[in-house]
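Please keep the sequence and the 3D view at hand while reading.

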Amino acid sequence: SITFIENDSMIYSVYIINKAGGLIYDEDFSWNKHTEEHTWQQNPIPLVFTADTGRVLVKFGELGSIKPGYSVIAVNRQPVSGTMGPADKSIMDMINDPESYPLSLTFGKGKVGANEKLMLASMFHSLYAIASKISPIEGSSGIQQLVTDEFGLHCFQTITGVKFFVMVDHKQTACEPLLHRIYELYTDFVLKNPFYLIDMPIRCDLFDQNLKRVIEQVERASAYSSATLA
């Protein structure tokens with residue numbers, strides 16, 4: 001059997017990179033919002049799993065919207081983290097043990113690891129600089145938007161070289177005002193914080209709280225617009 005848990009997050013993640021290309025802030029808003037649950041009465045499960053990264057990931061195979069890279073985030077509707085399931089039993093052991101069935105697994109995209117985020121920030125910073133250099137238009141600002149089959153990336157760079165970029169669903173159309181609103185929060189709650197050191201990682205509860213509030217407001221507005229258009 002299959003259960004889709006609908007929670008359409010329009011904004012996946014927010015990143016802030018300093019002028020040197022260092023990641024100073026990141027937040028993932030989608031990792032537990034796009035989920036899909038399947039229940040099997042018996043094994044085998046038509047997916048191949050791996051636990052090499054500290055999570056149980058789909059290595060091969062597709063099922064519904066589940067693709068390689070998706071991780072197991074709940075077993076029998078009990079949330080899990082890492083490779084251990086309920087009662088401290090290995091998720092891989094449960095998948096392979098006939099006695100564990102019927103077995104319900106909930107899949108999600110999973111959180112991006114810290115090292116992966118650092119690599120992403122460094123890579124985007126380099127691509128941004130390359131795009132500025134090779135542009136046929138003199139004074140080009142670099143990459144402002146990237147579009148893929150799965151998501152869109154939108155970027156705003158301040159005059160001081162700090163980059164703000166968001167990864168969003170294709171349905172999200174308010175990216176430019178969103179980026180400027182995030183920049184306003186940055187100036188209000190980060191730069192005006194007397195304890196904050198420029199270009200260092202951001203650790204500010206007020207910034208986190210207000211950013212979450214803005215993301216929720218934008219998503220609600222987008223959902224309302226989509227429903228009205230439909």
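Two elements, strand β11 (152-157) and helix α3 (175-191), each supply at least two residues of the lining of the second largest pocket. The model is a predicted one. The volume of this second largest pocket is about 230 Å³. Its lining consists of 13 residues, and those that lie nearest the centre are Gln 144, Cys 155, Phe 156, Glu 176 and Leu 179. Sorted by class, the lining has 6 nonpolar and 6 polar residues, along with 1 charged residue.

His 180 has its place in helix α3. Is His 180 buried, partly exposed or exposed? With a relative accessible area of 32%, His 180 is partly exposed, because the value lies between the limits of 20% for buried and 50% for exposed. Between His 180 and Phe 156 there are 24 residues of separation in sequence, while the C-alpha to C-alpha distance is 7.7 Å. Phe 156 is also one of the residues nearest the centre of the second largest pocket.

Most residues other than glycine have a negative phi, and most peptide bonds are trans. The table lists the exceptions described here.

| Site | Feature | Value |
|---|---|---|
| Asn 43 to Pro 44 | cis peptide bond | omega near 10 degrees |
| Tyr 101 to Pro 102 | cis peptide bond | omega near 5 degrees |
| Asp 88 | positive phi | phi near 55 degrees |
| Asp 199 | positive phi | phi about 75 degrees |

Where do these residues sit? Pro 44 lies in the loop between β4 (35-40) and β5 (48-50). Pro 102 is in the loop that runs between α1 (91-96) and β9 (103-108). Asp 88 belongs to the loop between β8 (78-79) and α1, and Asp 199 to the loop between α3 and α4 (205-229).

The accessibility of the two Asp residues can be given as well. Asp 88 counts as exposed because its relative accessibility is 66%. Asp 199, with a relative accessible area of 23%, is partly exposed.

Note on methods: Residues are numbered from 1 along each chain as its sequence is written. This is a predicted model: local features need pLDDT of at least 70, side-chain atom pairs count only at pLDDT 80 or more; totals for chains, interfaces and linings use all residues. Side-chain values use heavy atoms; hydrogens and water are left out. On a 1 Å grid over the protein atoms alone, a cavity is a set of points where a 1.4 Å probe fits but cannot get out, and a pocket is an open set with protein on both sides within 12 Å along at least five of seven lines; lining residues have an atom within 4 Å of a point. Grid points are joined across faces, edges and corners, and a volume is the space filled by probe spheres set on the points. Helices (H or I, at least four residues) and strands (E, at least two) are DSSP runs, numbered from the N terminus. Ala, Val, Leu, Ile, Met, Phe, Trp, Tyr, Cys and Pro count as nonpolar, Asp, Glu, Lys and Arg as charged, and the others, Gly among them, as polar. Buried means under 20% relative accessible area, exposed over 50%, partly exposed in between (1.4 Å probe, protein chains only).
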